[in-house]
Amino acid sequence: MRELEFLPEWYPRLRRRKRLVVLQTYMAIVLAVGLGGWLLLCGRNIRAKEASVAKLRVELLGTDLRLKKLDDLLVLRKQMQAQDHVIRELGLHVEVTRMLNAIEAAMPNEMSLLGMTFDIEESAKSAISSLARGRQSSDTPAAALDRRLRVRLTGVAPTDVDLASFLGRLGSYPFLDQIAMTYAREKSDSGHIMREFEVGFSLNLNGG
Amino acid sequence: MLRLTRAEVQPIGLDIGQDSIKMLQLEVVGGGALAVRAACKQAMPDEAREQPQLRSALAVDVIRRMMRQAPFVGKRVIACLPREVVHVKNLRLPPMPAPDLAAAAKFEARNLFPFDTDQAQVRVIHAGEVRQGAEVRQEVIVLAVPDEEINNLLEQLHRSGAVIEALDVEFLALFRSVEKFIRRREDEQEVQVVVDIGLRRSQVVIGKGREISFCKPIDIGGGQLNASVARKLGISVPEAAALRRRLAAQTEPVGETSVSDRSDASATARRDPVRQAVFDATRSTIEDLGREIALCLRYYSVTFRGQRPARLRLVGGEASDPQVLAMLNAAIAVPTEAGRPLFSVDTSRMKPADRQGAMSEWAVALGLGLKLTSGHFGARDGRARTSSRDEGAAPDDAPAAAGIGAEVVDINKAVAEPRAAAVAVAGGAHA
């Protein structure tokens, strides 16, 4: 039996188009869901990165603070180096009162000082010692000088024991060197017999 | 149960009738057997019966409800064009190759129909060769449906949620419900006569073997029988319809009705006064119908010479009425039987209420459901074919010779007076 079909051509076309639209809608939904998921994932990644950036920023802030402190310290160091350079040029300043206080502390109670002289001795350092101090010292001509404060004390003490005790105490001060007695002799004043002496020592004024 | 073979589920056959809507879905199971996958029948809303033009529109909700209720697979539907929108004309053309025949018929159809055929779907059925004297001509049935009507129907069916797979016409679906079960070569020479008696009108479809040769609508239907009974008994038409249904259910024969059955029916009718009254009321209408059918058979025999029909199958809502069967048997020389279209189909999935009787009202839905099936299906009756058939001798006198060109056959006139019409046809009367 020959079949007849009365369905107009537009109807299957419409159905095909409708199926296509449904398919496209489905694909669009899938694409939208995919994009949404991808955006969600991106957002999550961005938030995670932002959190890590914020953490790094906090760390950076700390580092900046430390750097600033370091800069300050470097500036300070430079200032100190400049001061050190000036001191090296001029030599260390020793206050006489502090020196006297230290000497007084070393003196026994019965001892008296009769006189005191302070002299600054400057002498060129030996080549070996210059080399030993390094290049920086050689660069600066001031560093080539050996600067010392030479102190001479004259005084009287009742006995030699007191004198020895005094020398011993002076020797215990680390900043004094070349402690030497110039002379010690008998002296009589108004019937009192005492020992008159002269002691010399020096202080290193080179600094550092 | 586990099935090893996959059933091929067919689209739903949708028959929007005058009084009910029927949906039937078939499946081809293993071994080429047919089974009903789902079926549903719902009465048409009363408004549709009163206003037939609203039938399709009112059917939308019913179809949607039916698709929800019954376990149909998918929403693919093969629907049927309403009879009133299908314009049918018969043409006789000189012999020519099939493609030329269709083109010539379509060309001739431009003057046949009261509408522009460019805005219509025109289809052609080759009915067969017709002898007019010494001349052989080809008769074609031209069917035309205006696009507007198709579009309206599609729009309304689409609103119901159905996906239209194909659109068919009723008489093709009716004939298919018979033709699909013809498998034997000897049956291919048999003349099949199917008469569908609906509520509003009836139609006669005659074909030889697998091809349709003749179709004719007759404006007599169950509605007129109901109206006659209502007039006779002084009751309303719905009451008359219910009475007829009740009487039919009381004595419902299935299958071929013999002469003794007919006499039994008449005797029963005589005993019961109500039945007798109904019988009397419907007799003249059914006799008119029988006369029309007999004329159709006569026209067929005269026009398409060859084998005579062995039987006449009645289908449709009124087909299972034993009174109708009995009276038609009396009026027509060919044995008449209530067609059982679903006889060779496994109907176990149908509701028991729908499985009662001959189920002849399912013929159109079955034919629609079978449209997309390939091949043919075996009949389940298994009756041995009679070797000595009552071969009808074709009349020797042929229609008069026709002129050159197409000739329109007025089928109503030709059926009423086949020989005279053949002469008139030879004159070349165009519509």
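Start with Glu3(A) and Lys371(B): their side chains meet in a salt bridge, at 3.5 Å from N to O. By salt bridge I mean a side-chain nitrogen of Lys or Arg within 4 Å of a carboxyl oxygen of Asp or Glu. This is a predicted model, so local features need pLDDT of at least 70 and side-chain atom pairs count only at pLDDT 80 or more, while totals for chains, interfaces and linings use all residues. Residues are numbered from 1 along each chain as its sequence is written, chains are lettered from A and ligands numbered from 1 in the order in which they are written, and side-chain values use heavy atoms, leaving out hydrogens and water.

Glu3(A) also forms a salt bridge with Arg176(B), where the closest N and O atoms are 2.5 Å apart. That pair crosses between chains, from the segment before H1 of chain A to helix H5 of chain B. For elements, helices (H or I, at least four residues) and strands (E, at least two) are DSSP runs, numbered from the N terminus.

The cut-offs are under 20% relative accessible area for buried, over 50% for exposed, and partly exposed in between, with a 1.4 Å probe and protein chains only.

Next, Glu5(A) and Lys371(B): a side-chain salt bridge at 3.9 Å, N to O. This pair also crosses between chains: Glu5(A) sits in the segment before H1 of chain A, and Lys371(B) in the loop between helix H11 (363-369) and strand E15 (407-409) of chain B. Glu5(A) is partly exposed at 27% relative accessibility, and Lys371(B) is buried at 6%. Glu3(A), Glu5(A), Asp168(B), Arg176(B) and Lys371(B) are linked in a network of salt bridges.

Now the interface as a whole.

Twelve residues of chain A are in contact with 28 residues of chain B, contact being heavy atoms within 4.5 Å. The area buried between the chains is about 1,900 Å², and carbon and sulfur atoms give 55% of that. Buried area is the accessible area (1.4 Å probe) that two parts lose on being put together, summed over both. Of the area that chain A buries against chain B, Met1(A), Leu4(A) and Phe6(A) supply 43%, more than any other three residues.

H1 (residues 10-90) of chain A and H4 (residues 147-159) of chain B pack at an angle of about 35°, with axes 12 Å apart. The axes are lines fitted to C-alpha atoms, for helices over the stretch in contact, and angles run from 0 to 180 degrees between N-to-C directions. Trp10(A), Tyr11(A) and Lys18(A) meet Asn151(B), Leu154(B) and His158(B) there.

Within chain B, back to helix H5 (residues 170-179), which holds Arg176(B). Which of the residues of H5(B) are buried? Ten of its ten.

Another pair in chain B is Asp219(B) with Arg201(B), a salt bridge with the closest N and O atoms 3.3 Å apart. Asp219(B) lies in the loop between E11 (211-218) and H6 (222-233), and Arg201(B) in the loop between E9 (191-197) and E10 (202-208), so the pair ties together parts 18 residues apart in sequence. Asp219(B) is exposed at 56%, whereas Arg201(B) is buried at 19%.

A polar contact of 3.5 Å joins its side chain to that of Ser228(B).

Last, the totals. Chain B has 13 helices and 15 strands, and buried residues make up 54% of its 431 residues. Chain A has five helices and four strands, and of its 208 residues 24% count as buried. Over all chains, the search finds 34 salt bridges.

Methods:
Polar contact = N/O pair within 3.5 Å; in protein donor to acceptor, adjacent residues only side chain to side chain.
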